[in-house]
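Q: I am new to this structure. Please pick a single part of it, take a close look at that part, and then show me how its surroundings are put together.

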Amino acid sequence: MKALVVFPNKELLYAASTLGEVGALVFSDAEAAAVSGKASKVYVAAVDPRVPELVAEAAAKAASGYDVVLLPSTKNAKTVGGLLAQRLGAEFLTDVISLKAEGGVVKAERYVFGNKAVATVEAPTPVVVSIAPGRFQGEPPAVQSSVEKIQVDAAPKTKVVAVEEKAKGAVRLEEAEIIVSVGRGFKKKEDLQMAFELAKILGGQVGCSRPIAADLKWLPEEHWVGLSGKKVKPKLYLAIGISGQPQHIAGILDSRIIAAINSDPAAPIFQYADYGVVEDLYKIVPILINKLSKLKSA
Amino acid sequence: MCSREVSKLGEGIYLWMGEFSHMKIAVLVKTALDTGQLRVRDTVVVEETPLKISDIDRNAVEEAVKLKGQGQAYGVTVLKWGPLQKRVQEAENVLREALAMGLDEAYLVADEALLNASHVATAKAIAAVVKKVGADLVLAGEATVDNYTGQIPARVAAELEWPVITYARELKVEGGKVVAKRDLEDRVEVVEAPLPAVVSVTREINQPRIPTLLAIRAAMKKPVHKLTLSDLGISLDVKAKASYKPVVIQRKRVIIKDGTPEEKAEKLIQYLRQEGVI
């Protein structure tokens with residue numbers, strides 16, 4: 001099979017190489033240089049990569065002769081994927097965790113139903129696929145590259161009139177080994193300090209449930225764990241004052257150990273926890289801070 | 001097509017300038033599998049799992065009701081999960097919820113050919129309804145809670161050959177165009193597009209209203225039009241091939257509820273040390 005990668009990165013190029021011959025679509029000469037030697041064919045389209053309709057237009061042109069178009073699982077790339085797939089009359093398999101070609105069809109697995117099930121999907125080619133991050137780790141083989149320009153004449157209907165970069169902190173929850181996560185059980189923003197202190201003692205990071213980031217805005221979105229936030233896989237996930245809505249649980253299923261502190265014995269989080277403590281967080285967290293800091297400094 | 005200006009005055013308050021809006025808005029409402037009530041044996045038994053409105057579609061409905069002014073807003077549902085007979089009634093109940101929130105009417109496309117259909121086919125069926133009924137704007141949730149692929153809004157836009165703006169967390173319509181704040185991972189873009197357009201919204205865009213009892217009663221009288229593919233004058237028969245296996249997670253579910261806070265803390269630390277995670 002031949003696979004075309006749009007918005008290439010190492011994981012995508014590797015995933016594509018497991019299917020067969022690799023092409024890559026990029027949007028500047030600098031990007032073309034970066035991908036040289038990792039894709040047999042490099043297509044350069046001088047379009048604004050922020051505008052999905054333009055990227056889809058370029059991809060539709062480059063994709064002729066390819067069986068699979070591979071994209072990252074970012075929101076912008078998924079928008080491109082939807083547009084492109086409908087034009088090609090193709091299926092679009094999003095956030096796949098595995099991918100293989102078998103007898104002319106593509107087979108992939110993805111989490112569905114709030115991450116409570118794994119779907120095995122099969123699609124004929126051509127097919128568009130976006131891959132989940134962290135699942136395709138490997139070195140794309142070195143190849144001879146040739147470069148081809150793609151001409152896109154279409155005038156876009158959508159226009160980006162302003163861009164505001166989001167603040168980037170040092171939070172990388174996806175890689176954290178220990179996450180202390182906070183929810184609505186905290187009564188005011190200042191109280192989150194306790195969680196930060198606990199996380200610091202444990203050498204972990206602070207996560208949060210949706211209301212803390214999205215509604216109350218007590219923490220920036222980079223702390224948000226759940227279906228529309230980050231999906232995490234720490235060795236310890238300590239949920240404090242989090243009730244355990246399905247959307248939150250969907251983000252923490254890959255954790256090795258889940259511990260929960262909640263004053264409500266009926267909180268759903270206890271169904272999903274290895275260790276659940278029924279207690280007022282305002283009473284127990286200071287004790288944990290005290291005991292653990294002694295343990296850690298001993 | 002409408003022409004009007006809206007400016008936002010803080011949270012959820014809109015100031016209307018000039019004539020009232022007469023926009024016609026289609027809202028995509030998915031009757032999704034209720035993932036909180038999955039029926040599971042060796043595989044997920046889709047046919048026995050109840051349906052509910054996909055959560056984020058409530059935000060799309062809310063936004064439509066706010067934007068329509070003196071115009072009209074209708075729901076569009078393509079039934080994906082079978083069995084057909086049983087699901088039609090369930091889907092109608094789901095649509096009544098959206099009607100109670102303020103939609104004027106709803107279109108339910110129920111056809112054997114669309115059960116477990118490919119996304120290509122689903123998008124074609126939705127676009128066919130929008131073409132038949134007409135719209136200046138199509139609103140949808142950013143993704144649906146069961147499959148969470150988020151691809152339908154872009155597909156419907158491609159099918160209609162309309163512009164699409166995805167992941168909008170703020171939206172206004174002015175002078176025949178739509179302006180939205182597009183909420184992406186690392187940046188927020190302000191994007192504009194001429195009407196007619198397709199826009200998908202995030203949960204942050206608004207707080208969906210809880211319908212009053214009166215509104216719920218009124219919704220019982222609003223029309224739910226049932227359509228088949230032949231009513232839409234199209235034929236599609238492309239099925240998706242998928243099987244669903246439950247993810248089995250065995251959690252220990254040890255509950256520590258007796259003793260003083262001091263004792264409970266001590267116990268928790270003990271367990272976590274035994275596990276070797278702290």
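**A closer look at one helix**

A: Let's start in helix α3 of chain A, where P52(A), E53(A), L54(A), V55(A), A56(A), E57(A), A58(A), A59(A) and A62(A) are buried. Helices (H or I, at least four residues) and strands (E, at least two) are DSSP runs, numbered from the N terminus. Nine of the 11 residues of this helix, which spans 52-62, are buried, so the helix is largely enclosed by the rest of the structure.

A word on how to read all this: the model is predicted, so local features need pLDDT of at least 70 and side-chain atom pairs count only at pLDDT 80 or more, while totals for chains, interfaces and linings use all residues. Residues are numbered from 1 along each chain as its sequence is written, and chains are lettered from A and ligands numbered from 1 in the order in which they are written.

Now zoom in on A59(A). Leaving aside neighbours within four places in sequence, A59(A) is in contact with V6(A), L25(A), V69(A), V80(A) and L84(A); contact means C-beta atoms, placed from the backbone, within 7 Å.

A59(A) also leads us to the largest nonpolar core, which has 194 residues. Such a core is a set of buried Ala, Val, Leu, Ile, Met, Phe, Trp, Tyr and Cys residues joined through C-beta atoms within 7 Å. Among the residues with the most contacts inside this core are A59(A), V5(A), V69(A) and, from the other chain, V27(B). The largest share of the core, nine residues, comes from helix α3 (residues 119-133) of chain B. The core also draws at least three residues from each of domain 1 (2-150) and domain 2 (173-297) of chain A, with bounds from an automatic or database domain assignment. The C-alpha centres of these two domains lie 35 Å apart.

Strands bring the chains together as well. One open sheet runs β6(A)-β7(A)-β8(A)-β14(B), with antiparallel pairing; strands pair if DSSP finds at least two bridges between them. Its edge strands are β6 (98-102) of chain A and β14 (241-246) of chain B, each pairing on one side only. Within the sheet, eight bridges join β7(A) to β8(A), and A108(A) stands opposite V121(A).

Definitions and conventions: Buried ≥ 20, exposed ≤ 12 C-beta atoms within 10 Å, placed from the backbone. Contact = placed C-beta atoms within 7 Å.
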